Amino acid sequence: MRIAGLQKLTLLDFPGRTAATVFTQGCNFRCPFCHNADLVLGAGAPAAGGKNAAEAAGLPPAVTLDEFFAFLGKRAGLLDGVCITGGEPLLQPGIEDFCARIREAGFAVKLDTNGGFPDRLRALVEANLVDYVAMDVKNAPARYGETVGVPGLDLAPMQASLDFLRTDAVPYELRTTVVRELHTADDLRSLAAWIEGAPAWYLQSFIDAESVLAGPGCLHAWNSDDLRALLPELQALVPGAALRGAD
């Protein structure tokens, strides 16, 4: 288990919790809109703008496991949760033991995942090692491979993860970063049909940055008013659909 970065406080990432966020290294996707190019491509990989991507993204520094758990020990009573994000955390060897140590220390665990490893997701939840899951649903099924930068992608793992979350074994939300070049209104309608009935689906506006995997200036956000106008139609299929960061 490698911690590529630690954000010591977040009031937004874990619903109802005051938390720290752990960033993990590595991902099985190559989403062009990803802000964490350094985590996807490897430590020290250059962003398209030429800077170290971690520096460009403002990612917090890496820490050792001992440093992390020493930090947690000092935050007892001040924090009540840990968000584990990436990259893709379920790629990490030792993720089970890591979650177990966090829970044993008295903190709740939120896991961010792209859904590509349903067996590991199920194992963590069924072992009572995760309290909340946020799964990214990248696009309508027909455009998934294009959107995640993996041509010919097999959608079956993401479908299996979604099917498992729908059993309500753990509280969860779904998230989509909306990009003008990758998402049409029909794509979002098709995506809503795929995830119909999800309890919470957040559509997040793309924000350009030097650390974006595709490079700055290559991708663009939807107009916020257009997203708001489409939202009631999406809510007909997913009543819990909402905008996040679209102001």
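The turns below take up helix faces, cores, salt bridges and backbone angles.

Q: What kind of model is this?
A: The model is predicted.

Q: Which residues of helix 3 are buried?
A: The general idea comes from the geometry of the helix. An α-helix has 3.6 residues a turn, so residues three or four places apart point the same way. In helix 3, residues 65–74, the buried ones are Phe68, Phe69, Phe71 and Leu72. These residues lie on the same side of helix 3, because the arc they cover around the axis is only 150 degrees.

Q: Which exposed residues does the face of helix 3 turned away from its buried side carry?
A: That face carries Asp66, Gly73 and Lys74. Here exposed stands for a relative accessible area over 50%, and buried for one under 20%.

Q: What do the buried residues of helix 3 pack against?
A: Their partners are strand 1 (3–10), strand 2 (19–24), strand 3 (81–85) and helix 4 (95–104).

Q: Which residues are buried in helix 4, and what covers them?
A: Ile95, Phe98, Cys99, Ala100 and Ile102 are buried in helix 4. Their cover includes strand 1, strand 2, helix 3 and strand 3, and also strand 4 (108–113) and helix 5 (118–126).

Q: Which residues touch the most other members of the largest nonpolar core?
A: First the general idea. In soluble globular proteins, nonpolar side chains tend to be buried together. In this structure the largest nonpolar core has 68 residues, and Phe68, Ile102 and Trp201 touch the most other members. Helix 4 gives the most to this core, with five residues. Leaving aside residues up to four places away in sequence, Phe68 touches Ile3, Leu6, Val22, Val63, Val82, Phe98 and Ile102. There is also a second, separate core of five residues, among them Ala19, Cys83, Ala108 and Tyr132.

Q: Which residues make a nonpolar surface patch?
A: Leu9, Leu11 and Leu12 make a nonpolar surface patch of about 370 Å². Leu9 belongs to strand 1, and with a relative accessibility of 48% Leu9 counts as partly exposed.

Q: How many salt bridges does the structure hold?
A: To read a salt bridge, look for a side-chain nitrogen of Lys or Arg within 4 Å of a carboxyl oxygen of Asp or Glu. The structure holds 14 of them. One is formed by the side chains of Asp131 and Arg103, at 3.6 Å from N to O. This pair links distant parts of the chain, 28 residues apart: Asp131 sits in the loop between helix 5 and strand 5 (132–136), and Arg103 in helix 4. Asp131 is partly exposed at 24% relative accessible area, and Arg103 is partly exposed at 25%.

Q: Where do Arg122 and Glu126 lie?
A: Both are in helix 5, four residues apart, which is about one turn of the helix. Arg122 is partly exposed at 37% relative accessibility, while Glu126 is exposed, with a relative accessible area of 56%.

Q: Why does the salt bridge of Arg189 and Glu233 tie together parts that are apart in sequence?
A: The two side chains meet at 2.5 Å, N to O. Arg189 lies in helix 8 (residues 185–194) and Glu233 in helix 9 (residues 224–235), so the pair ties together parts that are 44 residues apart in sequence. Arg189 is partly exposed at 30% relative accessibility, and Glu233 is partly exposed at 40%.

Q: Which residues are joined by a cis peptide bond?
A: The angle to read is omega, which is about 5 degrees at the cis peptide bond between Gly86 and Gly87. Gly87 lies in the loop between strand 3 and helix 4.

Q: Where is a positive phi found in a residue other than glycine?
A: Asn128 has a positive phi, near 60 degrees, and is not a glycine. Asn128 sits in the loop between helix 5 and strand 5. Asp168 is not a glycine either, and has a positive phi of about 60 degrees. The place of Asp168 is the loop between helix 7 (156–165) and strand 6 (172–178), and Asp168 is exposed at 59% relative accessible area. For a glycine, see Gly106, which follows helix 4 and has a positive phi near 95 degrees.

Technical notes:
Residues are numbered from 1 along each chain as its sequence is written. This is a predicted model: local features need pLDDT of at least 70, side-chain atom pairs count only at pLDDT 80 or more; totals for chains, interfaces and linings use all residues. Side-chain values use heavy atoms; hydrogens and water are left out. Buried means under 20% relative accessible area, exposed over 50%, partly exposed in between (1.4 Å probe, protein chains only). Helices (H or I, at least four residues) and strands (E, at least two) are DSSP runs, numbered from the N terminus. The arc is that of the directions from the helix axis to the C-beta atoms. Contact means heavy atoms within 4.5 Å. A nonpolar core is a set of buried Ala, Val, Leu, Ile, Met, Phe, Trp, Tyr and Cys residues joined through side-chain atoms within 4.5 Å. Patches are made of residues with over 30% relative accessible area and no salt bridge: like charges are joined within 9 Å, nonpolar side chains (Val, Leu, Ile, Met, Phe, Trp, Tyr) within 5 Å. Accessible areas come from the Shrake-Rupley method with a 1.4 Å probe; for residues, only the protein chains shown count as cover.
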